[in-house]
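Let's learn to read a structure together, one feature at a time.

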Amino acid sequence: MWIALDQFSRAMIDAAVANVVLLSAIATAVVITRQPARRIVLVQAGAYASLLMLPLAAFAPLPRVYPVDWLLRAGLVPPSLVPESDPADVAIATTVGPPGEVPPRRSLPDSPVEWPAGEPLVRSGALLYLTGASLGLAWMGLGLAAFRRLVNQSREPGEALRDVFDALAVDLDRSPPPPSLRVSSRLRSPVSGGLLRPVVIVPAEIDRDDFDRDALRLILLHELAHADRDDAWFNALASVAQLLWFFLPHPWWLRGQMRIDQEFLADREAAGGLGESTRYAHWLVGLSRGRSGRDAPAPEAIARPQRAWSEHGFDTPLLQRVAMLLYCPFALEGRPPRRYVVLVAAVVMLAALPLSTFRVVAPVDPAAITHQARARDPLMRNFNLPEFVVVPSRSSTTADAYVLPLALPQVFRLQAEIVANRRSLARLRIAGCPVAPDTAPVPGHADDDPDAVHRYTLRRGYDGLRASLDGVAFQLDPKLLEGRRWLSFAPADEIVVIRDLVVIW
């Protein structure tokens with residue numbers, strides 16, 4: 001469990017740093033872009049990239065880059081920031097006794113020495129993140145279930161409302177399937193939603209024959225504009241990105257900006273249906289106050305904002321929408337050019353790929369351990385031993401007669417060349433693990449069993465403990481390493497030569 005959590009926490013931290021860089025650039029582009037339709041495209045591309053950043057950081061399709069290691073090697077970061085080696089790593093370096101005798105052990109600290117400093121803090125942060133993300137996704141699931149329940153409890157609209165809605169839907173020339181219309185007595189304002197098929201739900205109070213037809217057209221035009229642009233789908237996408245990266249401020253701001261821009265475009269499309277923005281702003285303010293169209297303030301009152309609005313500037317979304325309707329200094333694009341959409345998507349995704357290769361944390365990269373280590377991974381730790389001769393033990397037991405000053409990491413890969421016969425291979429133990437599988441034949445006489453060079457690999461990862469001898473893999477019981485802290489050798493009956501021993505972690 002801990003190994004998988006450590007792997008996830010490192011990928012999460014690296015992906016979060018990459019998202020900070022990417023979403024900061026997108027937020028800057030949103031600020032300097034005037035057209036709401038183009039800003040929406042930027043936010044959508046950022047949401048897709050932020051959701052893909054964690055898988056990209058975890059699986060690393062491109063070679064990994066270690067900026068922290070480069071700063072350390074360039075001398076731009078003080079060496080004290082590197083986790084110091086624990087004295088217990090070399091506690092037995094001076095206690096190796098004669099061959100065949102187990103050296104004395106010194107008392108070691110309770111904390112495991114194989115993990116870098118700050119590992120408990122990283123694990124705690126990962127657990128807190130998983131808890132927060134799970135609660136957020138559960139809350140979103142409850143919201144979707146509540147909307148589905150609202151749709152199921154709604155009713156069909158009246159004939160007059162249905163006629164107006166069908167006529168407007170035909171005028172929009174929307175591709176199928178057309179949005180459905182429902183009426184609910186539990187709503188005070190109209191809403192639109194639906195991930196697979198858009199649904200427009202209006203309050204029951206507007207489904208009356210005496211309701212103002214112009215106000216009804218404005219309401220329906222606004223909601224149909226949202227459905228025509230698939231705003232519900234992109235709102236759900238941005239919500240998922242916000243929940244998964246809830247500790248970053250960028251998704252919150254970008255989602256809020258996208259929702260305001262969606263309202264801008266829906267307002268502009270609805271106002272275009274009447275051909276008069278001032279009249280639409282008049283109805284917008286009246287409906288936002290819960291009034292019917294006949295009780296809304298006069299258009300002159302909209303052109304001269306009240307003192308309560310001007311005191312807060314453009315802080316309220318309603319005032320921003322009204323200002324865009326009445327005082328927009330440039331012509332609004334209904335939809336961005338297609339080449340702009342393709343260009344933004346390509347640039348954002350091409351930027352996300354190299355950013356996902358940055359490895360900011362930890363000198364331990366489990367992804368490179370569970371797979372083959374790469375030659376240009378400078379933060380990978382390794383232990384090299386050119387040649388080690390294991391002489392026969394004078395004891396009849398299989399106790400560890402040789403202990404090297406290397407604490408066994410939680411995940412590691414050991415590989416070596418072993419010069420021995422099959423009888424010695426069957427008796428040799430490395431870190432308490434057998435070198436040959438139990439099914440390997442053991443000749444009865446050493447004279448009939450010549451020495452040969454064998455390639456041995458031992459790997460402990462989050463998926464278990466495995467070994468291979470001369471390309472033949474076999475599974476080992478992970479309990480073999482329980483209680484073992486140091487790399488050790490249990491000698492065989494004859495001399496065994498271990499060459500090019502490498503431990504990578």
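Q: Which residues of the largest nonpolar core touch the most other members?

A: A nonpolar core is a set of buried Ala, Val, Leu, Ile, Met, Phe, Trp, Tyr and Cys residues joined through side-chain atoms within 4.5 Å, where buried means under 20% relative accessible area with a 1.4 Å probe, protein chains only. Here that core has 36 residues, and Ile 418, Tyr 456, Leu 487, Phe 489 and Ile 498 touch the most other members. This is a predicted model: local features need pLDDT of at least 70, side-chain atom pairs count only at pLDDT 80 or more, and totals for chains, interfaces and linings use all residues. Residues are numbered from 1 along each chain as its sequence is written, and side-chain values use heavy atoms, leaving out hydrogens and water.

Q: Which strand supplies the largest share of this core?

A: Strands are DSSP E runs of at least two residues, and helices are H or I runs of at least four, both numbered from the N terminus. Strand E6 (412–420) is among those giving at least two residues, and its 5 residues are the largest share. A second, separate core of 31 residues includes Leu 23, Ile 26, Met 53 and Val 344.

Q: In what order do the 3 strands of the open sheet lie?

A: Strands of a sheet pair through backbone hydrogen bonds, either parallel or antiparallel. Pairing here requires at least two DSSP bridges between two strands. The order is E1-E3-E2, with mixed pairing. E1 (180–184) and E2 (191–193) each have a single partner strand, so one side of each lacks a neighbour in the sheet. E1 and E3 (residues 199–203) run parallel, joined by 5 bridges; Leu 181 has Val 200 in E3 as its bridge partner.

Terms used
Buried < 20%, exposed > 50% of the residue type's maximum accessible area, 1.4 Å probe, protein only.
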